[in-house]
Amino acid sequence: MGEEWTTAVLVWVRQGGWFGLALAMTVENLVQVVPSLVILPLAGHLCARGVISLPLAMAAATAGSLLGCVIWYGLGRLANEHRLEAWVRRRGRWLGLTPE
């Protein structure tokens, strides 16, 4: 499954240009299926070939990563401290977590 995700994300960047790059960076920030160390060199290669401009690639990568962070922040705000602590008390041992 991980290899399929990697292929899909790289296709997004190759075919989607700056939008695909922003989408790939958002997905990378959310689920870490493909590290940015794979996505960004590909974006640099596309810039060198003239497919997308360097400033646009930098802006798209930054915007995509920021969007992923904002999504995680929003989920954290929804979960709030009390809900998270209750979840850790019930199921935290699955991940080796304790509420202390």
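Me: Which residues in the largest nonpolar core touch the most other members?

Reply: First, some ground rules: this is a predicted model, where local features need pLDDT of at least 70, side-chain atom pairs count only at pLDDT 80 or more, and totals for chains, interfaces and linings use all residues. Residues are numbered from 1 along each chain as its sequence is written, and side-chain values use heavy atoms, with hydrogens and water left out. A nonpolar core is a set of buried Ala, Val, Leu, Ile, Met, Phe, Trp, Tyr and Cys residues joined through side-chain atoms within 4.5 Å. Buried means under 20% relative accessible area, exposed over 50%, and partly exposed in between (1.4 Å probe, protein chains only). Here the largest core has 18 residues, and Val 9, Val 13, Leu 21 and Ile 39 touch the most other members. At least two core residues come from each of α1 (2-31), α2 (36-48) and α3 (54-91), with α1 giving the most, eight residues.

Me: How many helices and strands does the chain have?

Reply: Both are DSSP runs numbered from the N terminus: helices are H or I with at least four residues, strands are E with at least two. This chain has three helices and zero strands. Its radius of gyration (taken over C-alpha atoms) is 17 Å, well over the 13 Å from the globule rule for 100 residues, so the chain is more spread out than a compact globule. That rule is 2.2 Å times the number of residues to the power 0.38.

Me: Which side chains meet in a salt bridge?

Reply: Side chains of opposite charge can pair when their charged atoms come close. A salt bridge is a side-chain nitrogen of Lys or Arg within 4 Å of a carboxyl oxygen of Asp or Glu. The structure holds one, joining Glu 85 and Arg 89 at 2.5 Å, N to O. These two are four residues apart in helix α3, so about one helical turn separates them. Glu 85 is partly exposed at 30% relative accessibility, while Arg 89 is exposed at 53%.

Me: And Glu 28: which side chain of opposite charge is nearest?

Reply: For charge, Lys and Arg count as positive and Asp and Glu as negative; His and the chain ends are not counted. Glu 28 is buried yet has no salt bridge, and the nearest such side chain, Arg 14, is 17 Å away. Contact means heavy atoms within 4.5 Å. Setting aside residues up to four places away in sequence, Glu 28 touches Val 34, Pro 35, Ser 36 and Ile 39.
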